[in-house]
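Thanks for coming, everyone. I'll take a few minutes to walk through one structure. Please have a look at the screen.

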Amino acid sequence: MPDYHDDLRLGHVLADAADATTMERFKALDLQVETKPDMTPVTEADKAAEELIRSQLQRARPRDAVLGEEFGSEGSGPRRWVIDPIDGTKNYVRGVPVWATLIALMERGEGGDRPVVGVVSAPALGRRWWAAEGLGAYTGRSLSSASRLRVSGVTRLADASFAYSSLSGWEERGKLDGFLGLTRACWRTRGYGDFWPYMMVAEGSVDICAEPELSLWDMAANAVIVQEAGGRFTGLDGVPGPNSGDAAASNGLLHGPLLDHLRS
């Protein structure tokens, strides 16, 4: 099995640099915000963080390809870094601390591209999560000061905590009835949104989560962290990994019932 220790260390270095850039402009009164063609916001901090990560990757991994939310795809080859400079930009703009930089490394294999390294850094929360294939998933302040992540052992939806982003996406895709059926079947539901539900699934504090429309940069880092914590990460179609355009994550024990509701 490949050794991803060096790539994981690089992921932390990239996250440290991004954290410094994003925190410097968080809650700034003169923060510059634009509206992209898809009507989502982008800030100067989004762009600066991605540019910084790209420049460091160019020096450290010049042969690797890069895909980022703000500046698209660059390079080709079997290894590709996937970046979301600020996941939760709307929170960032409003001064809500629930946002993070997502950094993943994906490798090409027989079954297609799969995430093998993931770092999720939420500096305004003072939290960071990371994982690498075969090395497990962790949270903490640094590589040397961390605790291992493990998903929950909940086996019934009636005892499960379900996290989601919003109702509107499910309604727009004609899946609202299945979504509402799932919320009624669960013990507890909360709309945390963005990266956080996936990290809580990995921690075992939430049992299932799902979103109906996502991009690769929203999912790649989350996927490897959930999987290395012992959970499952698939599309709503049940295909493993972050390539389906939507996502369902669980402790593994509840994945079948989760998908059954959302497919109905």
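**The core, the salt bridges and the pocket**

This is a predicted model. Let's start inside. The largest nonpolar core has 37 residues. Those with the most contacts inside this core are Val 82, Val 120, Trp 129, Phe 195, Tyr 198, Ile 225 and Phe 233.

Which elements give two or more residues to this core? Three are strands that follow in order: β6 (100–109), β7 (112–122) and β8 (127–132). The others are α6 (196–203), α7 and β15 (247–250). α7 gives the most, with nine residues.

Now pick out Val 120. What does Val 120 touch, leaving aside residues up to four places away in sequence? The list includes Ala 100, Leu 102, Trp 129, Phe 195, Met 199 and Ile 225. Arg 127, Arg 128 and Asn 222 are on the list too.

Next, charges. Side chains of opposite charge can pair when their charged atoms come close. Here the count comes to 19 salt bridges. I'll show three.

One joins the side chains of Glu 44 and Arg 25, at 3.2 Å, N to O. Glu 44 is in helix α2 (residues 44–60) and Arg 25 in helix α1 (residues 5–25), so this pair ties together parts 19 residues apart in sequence. Are these two buried or exposed? Glu 44 is partly exposed, at 25% relative accessible area. Arg 25, at 19%, counts as buried, because the cut-off is under 20%.

Another joins Glu 34 and Lys 47, again with side chains meeting at 3.2 Å, N to O. Glu 34 sits in strand β1 (residues 33–35) and Lys 47 in helix α2, 13 residues apart. Glu 34 is partly exposed, with 44% relative accessible area. Lys 47 is partly exposed as well, with 26%.

Arg 114 lies in strand β7 and Glu 133 in the loop between β8 and β9 (136–142), so parts 19 residues apart in sequence are tied together. Arg 114 is partly exposed, at 29%. Glu 133 is buried, at 18%.

There is also a network of salt bridges. It links Asp 7, Arg 61, Asp 64, Arg 79 and Glu 107.

Finally, the largest pocket. It holds about 870 Å³ of space. Of its 30 lining residues, Thr 40, Lys 90, Asp 194, Glu 213 and Asp 218 are the closest to the centre. The lining divides into seven nonpolar, ten polar and 13 charged residues.

How values were computed: Residues numbered from 1 in each chain as written. Predicted model: local features only at pLDDT ≥ 70, side-chain atom pairs only at ≥ 80, totals over all residues. Heavy atoms only, no water. 1 Å grid on protein atoms, 1.4 Å probe; cavity = no way out; pocket = protein on both sides within 12 Å on 5 of 7 lines; lining within 4 Å. Points joined across faces, edges and corners; volume = space filled by probe spheres on them. Nonpolar A, V, L, I, M, F, W, Y, C, P; charged D, E, K, R; others polar. Core = buried A, V, L, I, M, F, W, Y, C linked by side-chain atoms within 4.5 Å. Buried < 20%, exposed > 50% of the residue type's maximum accessible area, 1.4 Å probe, protein only. Helix = DSSP H or I, 4+ residues; strand = E, 2+ residues; numbered from the N terminus. Contact = heavy atoms within 4.5 Å. Salt bridge = Lys/Arg side-chain N within 4 Å of Asp/Glu carboxyl O.
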